[in-house]
Each structure stands twice: as C-alpha cells, then as structure tokens.
Amino acid sequence: METNDLIEKGMGLARDGRYRESLRVFDEDLCFTQHPTAMSYYALSLANEEGNYDKAISLCLMAAEKEFYNPEIYLNLGRIFLLNGQKSVAVRAFRKGLKFDNSSMPLLMELKGLGFRRKPVIGFLPRQS
C-alpha cells in the first residue's frame with residue numbers, strides 16, 4: 001500500500017473512533033511521521049488505546065509546530081487533554097483551533113459539549129462558595 005493510502009486509512013479509522021485499528025495502520029510503516037495531521041491522529045489513537053498521554057501530547061504539539069494553522073490538530077490535542085483530565089487546557093486548545101477556522105463544526109461541538117460559563121456577576125469573588 002502507498003504511504004498516502006496508509007495515512008488516509010489510518011486517519012479515517014481514527015476519525016471513526018477505531019483507534020486500535022488506526023494504530024496498527026500507522027505503525028505499519030511509521031507513515032505518520034511526515035504528515036502532521038496524521039501524527040495528531042496517531043497521538044489521539046495512542047492516548048485512547050494505551051493511555052500514554054505524555055507521549056501523545058508531545059507528538060501532537062510537534063504536529064502543531066509543523067502546521068500551526070491546522071485546526072484539526074488542535075481538535076485532537078484538545079481531545080487528548082480531555083482524556084488526561086485537563087479540561088481547561090483542552091478548552092484553550094479548541095479555542096486556538098477556532099482562531100484558524102471559526103466555523104469548524106468538530107471544534108464547536110467539542111466546546112458546546114463542555115458547556116460555556118458566563119462571566120461572574122461580581123468578578124472579584126470566587127465561583128465556589
């Protein structure tokens with residue numbers, strides 16, 4: 001199979017939530033290393049299947065350095081942060097992705113799923129009582 005075909009197949013599997021199969025495809029030829037979006041999907045698959053969040057975050061940040069303008073990478077980075085229990089950092093990643101494509105439905109859906117907080121009525125008081 002061609003490298004581009006492997007990349008597309010691996011990304012498609014990850015988009016469908018079939019992370020184990022995605023990892024197998026990506027690991028076949030390490031084809032994801034030259035494609036930043038594929039690297040972010042590999043990282044998401046790694047986080048979902050193996051729980052290796054540090055490595056997944058590192059890979060996704062490397063992908064974001066290569067293609068800082070790609071909202072799909074920030075979507076995957078945010079999802080990894082959510083898996084790792086870092087909601088506030090995930091929200092920042094989603095918002096950064098929206099800076100590059102403010103109509104990205106997957107990013108908007110992730111933020112909507114997390115819910116929005118209004119500004120506090122009295123800003124200097126803490127939210128918790």
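**Entry 1: Phe 26.** I began with the contacts of Phe 26, taking contact as heavy atoms within 4.5 Å. Leaving aside neighbours within four places in sequence, Phe 26 touches Ile 7, Gly 10, Met 11, Cys 31, Phe 32, Ala 38, Tyr 41 and Tyr 42.

**Entry 2: ground rules.** I noted that this is a predicted model, where local features need pLDDT of at least 70 and side-chain atom pairs count only at pLDDT 80 or more, while totals for chains, interfaces and linings use all residues. Residues are numbered from 1 along each chain as its sequence is written, and side-chain values use heavy atoms, with hydrogens and water left out.

**Entry 3: the fold.** I counted elements as DSSP runs numbered from the N terminus: helices are H or I with at least four residues, strands are E with at least two. The protein chain has seven helices and zero strands. Its C-alpha atoms fill a box of roughly 60 × 30 × 25 Å along the principal axes. I also checked contacts with a separation of 6 or more, and 44% of them join residues 24 or more positions apart.

Entry 4: For burial I used relative accessible area with a 1.4 Å probe and protein chains only: buried is under 20%, exposed over 50%, partly exposed in between. Of the 129 residues, 40% count as buried. I then looked for nonpolar cores, meaning buried Ala, Val, Leu, Ile, Met, Phe, Trp, Tyr and Cys residues joined through side-chain atoms within 4.5 Å. The largest has 38 residues, and Phe 26 is back here, listed with Tyr 42, Leu 77 and Ile 80 as having the most contacts inside it. The elements giving two or more residues to this core include H1 (3-15) and H7 (105-114). Its largest share, eight residues, comes from H3.

**Entry 5: aromatic rings.** Which residues form one aromatic cluster? I found Phe 68, Tyr 69, Tyr 74 and Phe 100. Rings of Phe, Tyr and Trp (its six-membered ring) pair if their centres lie within 6.5 Å; planes under 30 degrees apart are stacked, over 60 edge-to-face, the rest tilted. The structure holds six such pairs. Phe 68 and Phe 100 are edge-to-face, 6.1 Å centre to centre with 70° between the planes. Phe 68 sits in the loop between H4 and H5 and Phe 100 in helix H6, so this pair ties together parts 32 residues apart in sequence. Tyr 74 and Phe 100 have ring centres 5.9 Å apart and planes at 15°, so they are stacked. Tyr 74 itself is buried, at 5%.
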